[in-house]
Amino acid sequence: MTLQRTQVVNFALLAFAVVLQFQTTEVWGKRLHEKIYESFFGGTCFRRLNGTHQTGCSSAESGSVGALHYVDDNSQLDFLLDSPPAPPYAAILKSDFFTRSNLMRLKNEGGRNITAVIVLNAFNNYTEETTGFSHELKCPNQYSGILKPNSLETATCSALQPEDTWNPWGSGLLHEDFPFPIIIIPDNETVVRLIDCFKKFNNFDYKTQHLRSLCAVEIKSFMSAAVNTEVCWRRSNFIHNFATTRYCDPLEGRNVYATLFPRKMVEVDEMSASRASQIDREEKFIMVTTRMDTTGMFEGVYGVGAMDSLTGYTILISVAHTLSRLLSDKRLLLNPKLNIIFMIFNGESYDYIGSQRFIYDVENSRFPKLSSRTAPIALENIEYVLDLGTFDTISNIKLHALSEFPYAKAMLEKFQLYATKSKYDFNIRFESSIGYQMPPTSAQSFLRKNISFPATILNAPPSNRFYHSVYDDGANVRYNYTNSSLDYTKLMDQAEAFKKFKANDVQMKIRNVSAVVTMSLYEVLTGKEYNGDLLPSPVLIDEILYCFIKSQNCPLFFAASKPNSFKKLPLIAPNRYISVNRDTEEATLWTLRIMGYLLSQKLDNVPRENCTYLPRYWFAGYNKQGECRLTTQNDSLALSPAFTIENYNWSSGEYSTWSESTWSSLSSRLFLRPSRTHEIITLTTGIVVFLLSFCLIYIISTRSEILFEDPGPNASTDALNPPTAC
């Protein structure tokens, strides 16, 4: 019994020793790995596809490795492209050297010498007004707007004439296909590490680089999709029948909208024919639209689109909130059947995904969705569309229209009237622009469907040097958070506004445009000129900008949520790239909440238990105590009809066809790459040891009877007998 216990104990100790040895080996292996490789973060260029092309970047399937080489002038670029001594290389470029001409040289002349490009964040290099950093086309959405006769190219922009383009600084790199990965380094600490490593190991005696170890990077960003959306979509759907592998996903999100006044509830019917019969032909709408999204070249480092879309977005919300306070009583309306839809489209950066889908749904009696319990809307119900574009120069704005029509003429007169009223001193000039020279905004989807559609665009002349790039941030619009701690839900007069803000603050400039648009729409709805003192609140504008430029952990987002929903929110701005269905839609969710909160009417003395079903919603409110409000906000699908129409012609150009490739992982790491001589010696040594081991095994096996004597069946076993007792 004692012997059995001893055996059990010995076995347990042996097992413990084996486990301990395994864990020690694993920890030692991890530590060794960490000593060899040093990971770092970089925003990765990834692959997107449309009906005819693939764009973006991809690494080799096993990762792309290259020795670092810092390129800060043309001579260094020539060195990389002219038989360098130790290829392959990863070129390090400052952002001001990340130009179309340089990238196309690396692509077309680099061959196997170039396996990666690293872009260093260097915003300070853009102090001159003549330089920019925009990867978008000079004519954004060039093939999806109003078209020239018998052509697939837009009639509203000419890339060959810089004075007629809407993005003069555009390089078009966002729409190029690169055979190597490109990453951007957003933080200065990593920039210093990369430069120091290059200087220590690589930046001397270039001719002998092949004789020594070099500082190198390995970037893994292999993209699953290839060719175009049609091929990838067909491949994904075929494979999906047998497995869960997907090679690409369509760009997809949600549009967010709200009406100024609640609409009548109806019994819903899923049949399209029955829904079409529910359309109220007498119900009329003015649509005020803008876009929610922005984009960029690098995953995780998109920029916040401060100037390219956030200004128009903020103006729309400010206008909607102000009108909801000034016109809380529907009896003030001249026409009770006239309402306003405030619509924020998603995916407009990629051939107007959101607005195309809206028009498609309206034509098929699918808007609003069934869960809204309201009657569908037809295009004939929409009297007028006012699209809020980009406001690069807020003091000089044009009202664009294809041709002059009564609504456009009347709105321009109202804009000019209120903009020049001495009482308000807005200091804005509104001008008319008639013709095909129109900005790339959502209104083009309406006009492409019907060239006579009553749509206009409010837009400023282009001056954004960082359109669709990481540098279109708060600094680009000169934004500074005021944090006044005032109630941002209340309207403000001029005197009160100037106590907290200066005339040149971006909050006041946006307030001024919002005020002019609000007053003009007020007059259209009531038939009376607005002469009141209450104007849109620059405090609300300050809060909106803070939430979408600086941090989601902002008072407005807490107020627009249910009480105690969050203890703390992320300290970064929400991502406004449309992305794919599997990704979180931060910007969409917050837009839906703040539209519901700011346009709703408070229901006094309604307890929480009676405020659980839409259109009633329980918000935390400004005081975070909880309040019941009557809301009108909702959302609709922003997915191109191309992905739902059976046997769609992917090359027709009728609808957006953008998709995004899938990938397994994105990683970047720094290490010392051994010299070619070192690699050859290591390989040779390994082969020699391998051959010697075979020879040794052969010798041992042929001499085994001598080396390992066999005792045989008659051999003595005395030595094995246990000793006798004394």
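**Reading the terms in this model**

Reader: Where is the place of Thr 390?

Author: Thr 390 sits in the loop between strand 15 (382-388) and strand 16 (396-401). The model is a predicted one.

Reader: Why does Thr 390 count as buried?

Author: Its relative accessibility is 16%. Buried means under 20%, so Thr 390 counts as buried.

Reader: With which residues is Thr 390 in contact, leaving aside its neighbours within four places in sequence?

Author: Thr 390 is in contact with Met 307, Asp 308, Asn 459 and Ala 460.

Reader: How many of the residues of strand 22 (residues 634-639) are buried?

Author: Five of the six are buried, so strand 22 is largely enclosed by the rest of the structure. In the protein as a whole, 52% of the 726 residues count as buried.

Reader: What makes strand 11 (residues 252-259) and strand 22 a pair?

Author: Two strands pair if there are at least two bridges between them. Strand 11 and strand 22 have six bridges, in the antiparallel sense. Asn 255 stands opposite Ser 636 in strand 22.

Reader: Why is helix 9 called oblique to helix 12?

Author: Helix 9 (residues 406-419) and helix 12 (residues 506-526) pack at an angle of about 125°, with their axes 9 Å apart. Roughly perpendicular ends at 115 degrees and roughly antiparallel begins over 145. The angle falls between these limits, which makes helix 9 oblique to helix 12. The crossing of helix 9 with helix 12 is right-handed.

Reader: Which residues of helix 9 and helix 12 meet?

Author: On the helix 9 side they include Tyr 407, Met 411 and Phe 415, and on the helix 12 side they include Val 516, Met 519 and Val 524. The contact divides into 11 nonpolar, one polar and two charged residues.

Reader: Why do strand 4 (54-55) and strand 10 (248-250) stand at the edges?

Author: They belong to an open sheet of four strands in the order 4-3-23-10, with antiparallel pairing. Strand 4 and strand 10 each have a single partner strand, so one side of each is left without a neighbour in the sheet.

Reader: How do you know that strand 3 (residues 48-49) and strand 23 (residues 659-661) pair?

Author: The cut-off is at least two bridges, and these strands have two, in the antiparallel sense. Arg 48 has Glu 660 in strand 23 as its bridge partner.

Reader: What makes strand 19 (601-602) and strand 20 (616-619) edge strands?

Author: Their open sheet has three strands in the order 19-21-20, paired antiparallel. Strand 19 and strand 20 each pair on one side only. Helix 15 (residues 586-599) packs on this sheet, touching strand 19, strand 20 and strand 21, and its direction makes about 100° with that of strand 20.

Notes
Residues numbered from 1 in each chain as written. Predicted model: local features only at pLDDT ≥ 70, side-chain atom pairs only at ≥ 80, totals over all residues. Heavy atoms only, no water. Axes fitted to C-alpha atoms, helices over the stretch in contact; angles between N-to-C directions. Parallel < 35°, antiparallel > 145°, perpendicular 65-115°, else oblique. Left-handed = near helix turned anticlockwise from the far one by under 90°. Contact = heavy atoms within 4.5 Å. Nonpolar A, V, L, I, M, F, W, Y, C, P; charged D, E, K, R; others polar. Buried < 20%, exposed > 50% of the residue type's maximum accessible area, 1.4 Å probe, protein only.
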